[in-house]
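I opened a new notebook page for this structure.

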Amino acid sequence: MPGNAIYYFANPRIIATPGALAALMRRFGLDKSVWVQFQLYWVNLFSWPPNFGVSYLYYPASVFSVIMQYLPWTLFLVGVSTVLTAIVGILVGVLTGSRPGSKLDTASVSISMILWTMPFFWLGIILLWVFAISLQWFPVSGATSAGITANSPLEIHDAGDLLWHAFLPMTTLVAAAYAGYSLIMRNTMVNELSQDYILLARAKGLRENAVLFGHAARNAMLPMITLIGLNLGYVVSGALLVEIVFSYPGVGLLTYRAVLAHDYPLLQGLFFIISLAVIIANYLADITYAFLDPRIKY
Amino acid sequence: METSRSPSELKREFSLRRASALSGILHSRRAQVGFGIIIVFAILAVGAPIVAPFSPYMFPAPGRPYAPPDSRFLLGTDNLGEDILSEIIYGGRVSITVGLIVAFLSTGLGTLIGILAGYYMKTIDEVLMRATDMVLILPALPLMIILAAYLGPSIRTVILVLTVTSWPSVARVVRSQTLSLRERPFVDSARVAGASDSRIITKILFPNLASIIAANAVLMVTTAVVGEAALDFIGLGDITVVSWGTMLYWAQSYALFNGAWWWVVAPGVCIVLVGLAFVLISVSIENIFNPRLRSA
């Protein structure tokens, strides 16, 4: 760590006397040896509420309480956009996968490739500039209009206002994460459609839609569950950048502020909670998979 | 069948096959577009002092602030009046170099770990793959941010952080390929003939893995260029050095509300173009070496 961490707390507050600095060192536990600090870290981690220490930036609020204020907004963004992306990606995948090599397929794959390489945050900046600054259809920043305060999206009764603010960030997330879903769904569809049971379904005289959606898509959708779990880390990373661009009050914006303020306790806590959330989501995806596919046993 | 041919015949056939694979890549339309884009950017990057109309660090700056694109400043100017086109050309040097270095390092590390895990199996596999899974499941950007915050902003940090977070996917792919390769008869015959582990790994497994490693390495350049831009954008790179990411970092604060759209569009388009070029090449490498994909 460059310099002494306590200066990042003391300098902006113009605290310089040796006595005050020593008191701060004691307050943050930085006077103890690294080994003792590490032991304390583990003890504090398993207490309830988990104690990640005190934020430098939002002193004297605890790191945990600060994160809990911002986390619901990110869960809202990531959750809703993941569901939307999966739906759009699956539909496009079914359509293009049933006609591989067609014009529609080639166009869709090309668009997916471009979206896949496009940095989340750049797409966000462009959307912000076109729709919020130039056309002024959507707000430039924030999650709610001035005057509406809430601790989480669930507390807001004005759903229109909530969606109006979330529209651009969510569009960015959906556009950027869509490529993975549509491409993989397309490839598994191509695979499934060459199987014997599809031939049987067609031989029975089923309508094409019944073959595509009732038979092929249902089986091709299984890998999507795993993909949702795996993609989550990617979407969370994207959400962090998108929140910075749109000043959306989630953990991404909080991380950004913590980086700028060298708020190390807050950064540590953020990293722990974000990772935990992603790992739990992956675990849930694995369990769901086993539940849906009886061939899988853990 | 194979045994009836002399070693020199086999050698010639292999080199022919390799040559045809290479020409196959060069003849695919996708790869041609990809190589075309890369050659243009490579010329711009290498010849920057000659090609660029100005220096991106000129003081006093050559133009007035926020000048829209015109004949003198083809891509306009930034908040200081520096020429955006020159910044793009010089910035490409940093972005592409970082991309290539990270791709090389992370593919190397991932390949090493993947081959070792796949070849030795059992305990070594368990240990290496659990470590891989751990890094793989952690959300990459928060991990990068926390590492970069502790290491301090610099280009070295960006390279290190991107490498640390991007090797696991290579390791996974290489391991699964190694697992299936090591059961093939030619690996057994080498072992029976008395080849050492290191010889089997370097002379037999590695050449057979080369195509999939190459496809991954090329794809990794895209991941690294985009990742570098993201880190620079947050301000975790060296913000005094001009790169496509740091251009967006400064543009984020100054460009939009001054209507300087050219300042935002230019670096983003370059990132997408370079990224796309490497994706196209990677896809065509995979198509050549994995014929099953060709029909799909």
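Predicted model: local features only at pLDDT ≥ 70, side-chain atom pairs only at ≥ 80, totals over all residues.

Residues are numbered from 1 along each chain as its sequence is written, while chains are lettered from A and ligands numbered from 1 in the order in which they are written.

**Entry 1: chain A overall.** I looked up the contacts in chain A with a separation of 6 or more; residues 24 or more positions apart account for 70% of them. I then listed the secondary structure, using DSSP runs numbered from the N terminus (helices are H or I, at least four residues; strands are E, at least two). Chain A has 12 helices and zero strands. I noted the C-alpha trace of chain A at about 85 × 50 × 35 Å along its principal axes. For burial I used C-beta atoms placed from the backbone: buried means 20 or more others within 10 Å, exposed means 12 or fewer, and partly exposed lies in between. Of the 298 residues in chain A, 40% are buried.

**Entry 2: where the chains touch.** I found 30 residues of chain B in contact with 34 residues of chain A. On the chain B side, H6 (140-151), H9 (197-234), H10 (244-254) and H11 (261-289) each give two or more residues. H11(B) gives the most, with eight residues. I sorted that side by residue type (nonpolar: Ala, Val, Leu, Ile, Met, Phe, Trp, Tyr, Cys and Pro; charged: Asp, Glu, Lys and Arg; polar: the others, Gly among them). It holds 25 nonpolar residues, five polar and no charged.

**Entry 3: H9 of chain B.** I checked how H9(B) runs. It bends by about 50 degrees at B:Ala210, the bend being the angle between axes fitted to the seven residues ending there and the seven starting there. Just after H9(B), B:Gly235 has a positive phi of about 95 degrees.

**Entry 4: loops of chain A.** Which peptide bond is cis? The one from A:Tyr59 to A:Pro60 is, with omega near 5 degrees. A:Pro60 sits in the loop between H3 (34-45) and H4 (63-97) of chain A.

Next I looked at positive phi outside glycine. A:Gln136 has a phi of about 55 degrees. A:Gln136 counts as exposed because it has 9 C-beta neighbours inside 10 Å. Phi of A:His262 is near 50 degrees. Is A:His262 buried or exposed? A:His262 is buried, because 21 other C-beta atoms lie within 10 Å.

Methods: Contact = placed C-beta atoms within 7 Å.
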